[in-house]
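Take a moment with the sequence and the 3D view. The paragraphs below walk through them step by step.

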2 protein chains.
Amino acid sequence: MGMDERKFRILQAIIDDYILTAVPVGSRTISKKYDMGLSSATIRNEMSDLEELGYLDQPHVSAGRIPSAKAYRLYVDQLLHQGLLHSDSESAIRAHFLGRMRQMEDVIDHAAQVLSNLTNYTAVVLPPSGPQPRIRTLQLVPVSSNAALVVIVTDSGIVRDAVIRVSEQLDSDTLYAISKSLTKELSGCTLKEAVELLPQITGRMQDNEKLLQGLNSFFQENAGSSHAHVAIGGRSNILNYPEYSDTEKARSFLSLMETRDKLASIIAQQGEMAFTVRIGPETGVPEMADCSIVTATYSTGNGQQGTIGVIGPTRMQYNRVLSILGTMGHQLSELFSDD
Amino acid sequence: MGMDERKFRILQAIIDDYILTAVPVGSRTISKKYDMGLSSATIRNEMSDLEELGYLDQPHVSAGRIPSAKAYRLYVDQLLHQGLLHSDSESAIRAHFLGRMRQMEDVIDHAAQVLSNLTNYTAVVLPPSGPQPRIRTLQLVPVSSNAALVVIVTDSGIVRDAVIRVSEQLDSDTLYAISKSLTKELSGCTLKEAVELLPQITGRMQDNEKLLQGLNSFFQENAGSSHAHVAIGGRSNILNYPEYSDTEKARSFLSLMETRDKLASIIAQQGEMAFTVRIGPETGVPEMADCSIVTATYSTGNGQQGTIGVIGPTRMQYNRVLSILGTMGHQLSELFSDD
DNA sequence: GGTTAGCACTCAACCCCGGCGAGTGCTAAC
DNA sequence: GTTAGCACTCGCCGGGGTTGAGTGCTAACC
């Protein structure tokens with residue numbers, strides 16, 4: 001008993017129907033709604049086979065069947081293979097990005113918002129991260145008599161800043177002079193390298209103990225955290241789906257959505273492919289046992305990569321989501337390339 | 001029939017019990033659990049009176065009573081009046097702020113997190129906003145050949161930045177010179193005033209068309225948005241309470257929690273008092289018909305004010321929340337004053 | 001006159017049960 | 001290989017009885 005063409009078509013119909021209705025689908029439904037030229041009895045036989053093959057589950061004997069994770073897997077692989085992702089939503093997405101975005105975080109936030117609105121699922125957007133951002137410019141701006149703002153601009157145009165304490169008698173010009181020499185020394189370094197280089201520089205600069213100490217911890221703090229900012233949109237969208245009408249399930253899902261770090265590390269597991277689809281157990285997260293995660297990447301001009309993702313019930317509108325993610329990925333890549 | 005001492009004590013007991021259990025409380029419970037030296041029958045008579053006075057509601061005839069909004073109001077006013085808010089949580093909160101906070105947004109985020117953890121309700125923290133922040137320093141940092149980062153530091157130490165386009169042949173030194181002259185011109189101005197002053201300066205600076213245009217829109221964008229950043233913690237905490245086990249209610253609440261702007265404007269309605277408590281209908285927000293909002297203020301060294309708030313069911317542990325908010329307010333004020 | 005014991009009454013919550021209907025598996029005929 | 005027919009299964013739904021918490025009222029008590 002193999003998986004022939006007809007079985008596949010029937011399976012597809014079942015999945016389509018279940019995605020739409022969230023109700024176990026019976027043989028009669030298939031034979032009537034999707035005209036395959038087959039009677040319900042025949043469908044029944046095929047469904048029985050499909051169940052044996054592991055593509056369908058039966059909640060109980062007198063209910064219809066629901067697709068298993070394996071079925072979704074097949075379905076999605078098919079989608080990805082055919083590549084028939086009509087990007088109808090292109091214009092909708094483009095329209096959303098007409099307004100000028102001030103800064104990366106705004107773009108990220110906005111993208112997550114748009115993504116969740118378009119899909120009606122939860123959307124997550126990770127900022128670009130790459131080999132290691134390199135320092136391009138470093139500048140100190142006076143804030144008060146004994147504090148300064150240190151701003152670094154990296155090669156990817158990302159800006160990081162923090163307020164650090166400095167010794168008292170540093171005026172604007174002195175700070176600028178220091179900034180220039182530091183920029184000269186550190187330009188082209190990654191943040192990690194900068195941490196190592198600092199002690200050498202300390203030797204040559206006398207009394208600015210405090211300043212260098214501040215810089216040091218600033219570099220260290222930023223060297224690690226690549227997932228600094230994660231944008232999440234439509235957190236509560238999951239409640240639209242009957243799968244999560246159980247309060248307890250909803251709660252554990254939603255509290256996961258509140259821990260940015262964990263969420264980021266889940267989403268960040270993105271392979272080499274244009275799209276990654278993880279279905280149910282494949283997510284490896286117990287709270288998401290009946291969720292699917294679809295992710296895609298976008299890239300910036302200088303080879304950094306970011307990830308965008310959508311989280312929804314396993315019964316997800318995969319083709320729609322894939323198409324929207326694809327378009328959004330393009331838009332973001334474009335936006336970041338001519339920046 | 002007035003509101004005598006005994007009625008008040010009974011009402012208090014009812015509220016206490018209901019806050020604890022969320023179950024309509026009957027006369028027998030009161031006479032047994034809280035020994036008032038009265039039989040259930042007497043309590044019953046008093047409860048009947050209290051209902052007539054509008055302090056109690058009865059879901060149906062054979063259930064116990066639940067406190068009305070009016071009852072909570074009385075209860076809270078009593079609390080505030082007596083001022084017996086023992087701040088036991090002081091040390092817990094202080095411990096949370098030991099680590100150095102890099103920047104305001106971090107503090108805000110962290111405060112919301114701590115607040116929601118301690119109270120088990122949803123917490124909202126608004127950044128300080130005041131009369132109008134005044135520019136202290138303005139600095140331009142080169143980002144790429146045709147873009148610069150403009151950083152302004154205001155008198156409250158708040159930093160705003162944005163990337164703007166500049167004409168091509170501006171190197172670091174030129175930008176610094178421009179920064180210095182702009183700082184001289186604009187120092188002490190509010191952002192609004194800066195918008196008006198800019199055209200005059202334009203006259204004196206020749207070809208930097210692009211730059212000034214960028215600055216202009218940057219000022220304008222920032223002049224309005226006082227609620228730039230709102231920190232929210234424990235969004236899904238509301239699901240811990242049976243009041244919100246109804247999915248539909250939970251959904252409308254949670255989606256309100258996702259619209260930062262709306263939430264900010266709700267929270268921001270904080271009076272002159274140290275604390276503001278809005279109970280149920282008093283919130284004026286239909287989605288929060290059976291929520292209460294408790295807010296408090298903190299202040300920065302230079303007279304700016306921020307708001308912290310907690311949102312929970314009307315059946316809220318008001319004394320606990322008030323005490324925690326009070327302590328947190330102090331901590332934040334301290335943190336921002338010696339900055 | 002306030003307090004209390006007693007009692008009848010109410011009503012949501014719970015459980016049990018039978019009917020309904022969607023859906024299946026099997027068999028026999030085409 | 002396909003299909004019609006039929007017996008069977010089982011979750012869902014609605015009705016009816018039971019339970020128990022809680023009330024309001026009345027009469028007796030201090």
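Predicted model: local features only at pLDDT ≥ 70, side-chain atom pairs only at ≥ 80, totals over all residues.

Residues are numbered from 1 along each chain as its sequence is written, chains are lettered from A and ligands numbered from 1 in the order in which they are written, and side-chain values use heavy atoms, with hydrogens and water left out.

Begin with chain A. Its secondary structure comes to 12 helices and 10 strands. Both kinds of element are DSSP runs, numbered from the N terminus: helices are H or I with at least four residues, strands are E with at least two. Chain A has 339 residues, and 51% of them count as buried. Buried means under 20% relative accessible area, exposed means over 50%, and partly exposed lies in between, with a 1.4 Å probe and protein chains only. Contact means heavy atoms within 4.5 Å.

Two loop residues of chain A deserve a look. A:Ala22 sits in the loop between α1 (5–21) and α2 (27–33) of chain A. A:Ala22 is not a glycine, yet its phi is positive, at about 65 degrees. A:Asn120 lies in the loop between α6 (104–119) and β3 (122–129) of chain A. A:Asn120 is not a glycine either, and has a positive phi of about 65 degrees. Is A:Asn120 buried, partly exposed or exposed? It counts as partly exposed, because its relative accessibility is 39%.

Now turn to chain B and its sheet. Strands of a sheet pair through backbone hydrogen bonds, either parallel or antiparallel. Here 5 strands of chain B form an open sheet, in the order β7-β3-β10-β9-β8, with antiparallel pairing. Two strands pair if DSSP finds at least two bridges between them. At the edges are β7 (231–233) and β8 (275–279) of chain B, each pairing on one side only. On average, neighbouring strands of this sheet are turned by 15 degrees against each other, direction ignored. Axes are lines fitted to C-alpha atoms, for helices over the stretch in contact, and angles run from 0 to 180 degrees between N-to-C directions.

Look inside the sheet. Strand β3 (residues 122–129) and strand β10 (residues 305–313) of chain B share 6 bridges in the antiparallel sense. B:Val124 has B:Gly309 as its bridge partner in β10(B). Helix α6 (residues 104–119) of chain B packs on the sheet, where it touches β3, β7, β9 (291–299) and β10 of chain B. The direction of α6 makes about 150 degrees with that of β3(B). Helix α12 (residues 318–337) of chain B lies across β8, β9 and β10 of chain B. This helix runs at about 25 degrees to β9(B).

B:Asp17 belongs to helix α1 (residues 5–21) of chain B. B:Asp17 counts as buried because its relative accessibility is 3%. Leaving out residues up to four places away in sequence, B:Asp17 touches B:Ala22, B:Val25, B:Thr29, B:Lys33 and B:Tyr34.

Finally, the DNA. Which residues come nearest to DNA strand D? Of the 21 around it, they are A:Arg6, A:Thr42, A:Val61, A:Ser62 and B:Ser27. A residue is near a strand if one of its heavy atoms lies within 4 Å of it. Sugar and phosphate make up 76% of the atoms of DNA strand D that come within 4 Å of the protein. A polar backbone atom of A:Ser39 is 3.2 Å from a phosphate oxygen of DNA strand D. α3(A) gives the most to the surface near DNA strand D, with 4 residues.

DNA strand C also has 21 residues around it, the closest being A:Ser27, B:Arg6, B:Thr42, B:Val61 and B:Ser62. A polar side-chain atom of A:Arg65 is 3.0 Å from a phosphate oxygen of DNA strand C. For this surface, the largest share, 4 residues, comes from α3(B).

Technical notes
Polar contact = N/O pair within 3.5 Å; in protein donor to acceptor, adjacent residues only side chain to side chain.
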